[in-house]
Amino acid sequence: MASIWRYILAGLGLAALLVGIMAAVYLTLPHSASGPDLSRSKKTANGLFVASFEPERGVVRQGELQSWMLTLKTAAGAPVEGAAITVSGGMPQHDHGLPTSPQATDYLGDGRYRIDGIKFTMSGWWQLHFGISAAAGSDSVVFNVVL
Amino acid sequence: MRRLTSVPCLLALAALALLGGCGEPQFSDAEKKAIASLALNTLPSLKPDTTNQYADAPAAAALGSTLFFDVGMSRDGTVSCSTCHKIDRQFQDDLPQAVGVGHTNRRTMPLAGVARNPWFFWDGRRDSLWAQALTPLENPLEQAGNRAAFAHYIKKRFGERYERIFGSLPDLSTVPANASPLGTDAEKTAWSAMPAAQQDDVNRVYANIGKAIAAFERSIDLQQTRFDRFAIDLGTGAKPEGDAAFSPEEILGLKLFIGKANCVTCHNGPRFTDNGFHNTGVPPVEGLPPDRGRVDAVAQVDADPFNCLGKFRDGDESACRELRFMVKDGPQIMRAYKTPSLRGAATRPPYMHAGQFATLEEVVAHYSKAPPSVEGVSEVHPLDLSERERAALVAFLKTLSD
């Protein structure tokens, strides 16, 4: 029996030592960036507009064609009407584009544009780039979505 | 860290079997979530196909099943859908490339769960199951028929059954025996001499043939496997018993599949496919015609009169979003092929769109090495898996067939 307890004691000791080493390694490693900016509302690159991007039905589902809502306001808060919107994007870590070609299909008033045909086929970090042209000028914005 | 702490743990277990649970499969919460997402019990119920109003009509499925196995549905009366989609072989034929009236350039795809696909064929050149079913019927290397001949054949052999489902057959008395916009020169000439209304009549009968076959194919479903039993037990916290218990090698394979080997990136969800198209650097087969995959299929599905936006669709256009929002160009669709489901794959070699690999070992070795694509850019990157890791992945894949 004594030898068994010795094994267990040795095992626990070894485990404690390893935990210590791992903790030291973890604490001294430089911490990676906290990941992409996941905000759903932001200023466009040149500050012309404030853009918000939300799934139309509230939830993001993998593998399903979904429509999202892109809402555009001027910096002063007025809805942006008649904007021409281009959509592109992809997965920066996989170096590939979107599996579909989403489009702005409808203007629903109050600066809200339906972006239909979005499909996230895998988990990970996705980016959607919007080119926006309206009376105030042209600007762009990038939204990150992580599944 | 878990692997390191398990060393003394295993020592203690071997001596005393004191630390119960240590020998159990150990998965992180993220791994458990990934495993649960692959299990068949997460498969949603099959959605209605609004483009085919007969999709769930039993009489249509019954006629479709008759047509599926009928060698009369070919030019020379020797080939049916079931010639390549063999019912006792997961509805595929075990050949590197399918052989109908002639030798094709693509591997026959199995049919379990096929009604859930947004795209059909390896390159997605059709956008519905019923439009897919029509394509081999007129392909000179497959069933090699023509739509005028099929309309006459349906009237002669199955007229009453057809009319009970689809309504009256049109007057075919002045329709040529053989005519099609895709056939031989003589068939094309005969087709273009037909009045537009008559072409429409024949196309309508032809579309209904596809809709009946699709109604039958919707019933071909996926079966639960050892993996699913394991995943369900893991999810509920029950100890997998009997064949639901995985060997250490299968567990390693599963961990690699959802982890380091990145398989789950594309082979995701309960069908183990993202339904997308990817260039994974699979080499072409010498002697076969040039094959660029998805990049050439886009124009074909766009031009197909039986596609979702065409006049033979039932229901409204809202069902056509896959076609409407498909990627039409760009480097990513060059030599891109559909991600196949891995369910049942272990028992149906050979693999890839033209049967390039004879064994799962060769498939896994290909992804481990990740050679560049002959055209376009492969999305996969070298994994440099060890021999033990490759064998473990194969062992795991076999659990999707048992």
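This is a predicted model: local features need pLDDT of at least 70, side-chain atom pairs count only at pLDDT 80 or more; totals for chains, interfaces and linings use all residues.
B:Gly237 follows helix α9 of chain B and has a positive phi, near 85 degrees.

Next, select α9 itself, residues 226-236 of chain B. Its buried residues are B:Phe227, B:Asp228, B:Arg229, B:Phe230, B:Ala231 and B:Leu234.

Now colour chain B by domain. Domain 1 consists of 2-38, 224-269, 272-288 and 335-398, while domain 2 spans 58-217. Their C-alpha centres lie 37 Å apart. To the contact between them, domain 1 of chain B brings 15 residues and domain 2 of chain B brings 19. On the domain 1 side, the touching residues comprise seven nonpolar, five polar and three charged ones.

Proceed to the largest nonpolar core, which has 45 residues. The members that touch the most others are B:Phe150, B:Ala151, B:Tyr206, B:Ile209, B:Ala212, B:Ile213 and B:Ala215. Among the elements of chain B, α3 (58-68), α5 (129-138), α6 (147-166) and α8 (196-217) each supply at least two residues of this core. The greatest contribution is that of α8(B), with ten residues.

Centre the view on B:Ala215. Apart from neighbours within four places in sequence, B:Ala215 is in contact with B:Tyr54, B:Ala55, B:Asp56, B:Ala57, B:Ala60, B:Ala61 and B:Gly64.

Finally, select B:Leu38, B:Ala231, B:Ile258 and B:Leu397, which are among the 33 residues of a second, separate core.

How values were computed
Residues are numbered from 1 along each chain as its sequence is written. Chains are lettered from A and ligands numbered from 1 in the order in which they are written. A nonpolar core is a set of buried Ala, Val, Leu, Ile, Met, Phe, Trp, Tyr and Cys residues joined through C-beta atoms within 7 Å. A residue is buried if 20 or more other C-beta atoms lie within 10 Å of its own, exposed if 12 or fewer, and partly exposed in between; C-beta atoms are placed from the backbone. Helices (H or I, at least four residues) and strands (E, at least two) are DSSP runs, numbered from the N terminus. Two residues are in contact if their C-beta atoms, placed from the backbone, lie within 7 Å. Domain bounds come from an automatic or database domain assignment. Ala, Val, Leu, Ile, Met, Phe, Trp, Tyr, Cys and Pro count as nonpolar, Asp, Glu, Lys and Arg as charged, and the others, Gly among them, as polar.
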